[in-house]
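Subject: The structure I promised

Hi,

Here is the structure I said I would pass on. Have a look at it, and then read my notes below.

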Amino acid sequence: MKYDVTYSCGHVGRIDLIGKQKDRDWKLKYTQEQPCSECRAKKLLEQGKEAQRVNVEEEGMRPLTGSEKQVNWAEQIRRDFCIMADTAFHEVADPEIKNLILLTKSQFMEHGNASYWIDERDMLKSHFCSALDKNYEKRNELAVAEVVAAERAEIETFRPTGNAVSESVVTLTNVDGIVKIKSGHKIEELRLVMRARNFSFKTECWQKRISVTDGNADNYIAFIANELLAVGLVIRIECDSAAELLKAKLFSTPPTKMVVRQESQFGFWFDRDAGDYYHAIRNLPNAKWKDGKGWVNSEHFESVIDFAAEHGFAFSAGALELLAKVKAERQKQTEITPEHFAVSPKMLVSGKPAAIPVPEVSVCEELLDKE
């Protein structure tokens with residue numbers, strides 16, 4: 001049913017209302033309290049222009065791009081967003097959080113397209129909170145990085161005795177058994193040493209996992225550091241114990257020949273430059289060749305000890321542990337204990353020693369006398 005209505009702005013119009021009489025009366029009264037559509041549009045346009053004036057002229061924001069209608073609408077949305085951010089700024093007391101709010105707000109102000117503000121109008125508060133969290137996490141990461149940088153600055157830098165081939169500092173670290181060597185620039189001398197020591201280049205640094213044949217990790221790092229100094233590189237060791245070994249010259253050359261362990265077997269590993277021991281290893285009792293190493297069962301540990309002493313093979317920690325174990329077992333087998341002389345129950349009853357059983361013996365007929 002159509003009704004004539006006079007709007008709050010004084011303009012007259014006609015509206016169509018349906019439903020129960022009670023609902024139509026309420027809608028009619030509500031409509032009479034509102035301005036007409038033209039006046040509402042005019043008011044929104046004025047509000048948008050005022051928001052644009054405040055945003056651009058007073059707040060120094062960048063002007064938005066888009067149609068006049070889009071810009072007017074987006075400026076109001078942007079104005080409301082700024083009020084929300086400013087309210088959050090005044091509600092917190094922590095100066096660092098205040099700075100993060102200002103930073104996050106300025107990041108949103110970089111959006112100069114009116115369509116962005118219109119499309120995201122219902123999610124702006126959520127986007128703002130997420131961006132604030134990310135800035136907070138980034139702030140913490142930067143703080144940690146500053147602490148690490150300060151700690152690295154305190155780490156002693158080693159320089160070669162002669163002229164350095166590069167002033168780029170080469171850093172050496174040990175991360176869970178992996179030696180990582182990194183330089184800010186490509187240095188040919190570094191590449192040659194790394195290739196010679198079987199390092200591989202991964203994720204912007206040279207890497208190598210310390211194996212049992214490399215010996216102690218700190219000793220290995222100090223040894224590599226000394227080689228880098230010898231070719232004229234400036235180095236920094238981010239491992240105090242390895243740096244102390246280098247400083248005191250207490251490191252040693254990594255072994256080139258070693259007896260290693262795999263479960264209950266001894267393995268013989270050797271660098272090809274150290275010599276060819278293949279045939280000598282194959283002559284050991286029940287020796288087998290597998291995975292580039294010769295393997296001997298632990299029961300032949302005496303032959304392993306003699307071979308290692310003759311050819312200068314060092315024992316790994318695991319091999320020494322296995323060696324001690326098999327020695328203890330061998331000694332236990334050869335010991336004479338009181339149990340060997342224990343009195344049998346039969347002897348206790350009869351009072352006489354138990355008869356020693358005599359095995360049956362047969363004589364070969366060929367050995368019998370013919371007579």
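In which hand does helix 11 cross helix 12? Helix 11 passes helix 12 in a left-handed crossing, left-handed being when the near helix is turned anticlockwise from the far one by less than a right angle. The contact (heavy atoms within 4.5 Å) is made by F301, E302 and I305 of helix 11 and by L323, V326, K327 and R330 of helix 12. Those residues divide into four nonpolar, no polar and three charged.

Before the rest, some housekeeping. This is a predicted model, where local features need pLDDT of at least 70 and side-chain atom pairs count only at pLDDT 80 or more, while totals for chains, interfaces and linings use all residues. Residues are numbered from 1 along each chain as its sequence is written, and side-chain values use heavy atoms, with hydrogens and water left out. Helices (H or I, at least four residues) and strands (E, at least two) are DSSP runs, numbered from the N terminus.

Another helix pair is helix 3 (residues 68-91) and helix 4 (residues 95-108), whose axes come within 9 Å and cross at roughly 170°. That makes helix 3 roughly antiparallel to helix 4 (an angle over 145 degrees). Among the residues making this contact are F81, A85 and F89 of helix 3 and I101, L102 and F108 of helix 4. By class, the contact has eight nonpolar, one polar and three charged residues.

Now the inside. Leaving aside neighbours within four places in sequence, I181 is in contact with residues including V170, L190, W206 and L228.

Finally, two loop residues. K249 has a phi near 55°, positive in a residue other than glycine, and is found in the loop between helix 9 and strand 9. K249 is exposed (over 50%), with a relative accessible area of 55%. N286 also has a positive phi of about 55° without being a glycine; N286 lies in the loop between helix 10 and strand 11 and counts as exposed at 52%.

Cheers

Notes: Nonpolar A, V, L, I, M, F, W, Y, C, P; charged D, E, K, R; others polar. Axes fitted to C-alpha atoms, helices over the stretch in contact; angles between N-to-C directions. Parallel < 35°, antiparallel > 145°, perpendicular 65-115°, else oblique. Buried < 20%, exposed > 50% of the residue type's maximum accessible area, 1.4 Å probe, protein only.
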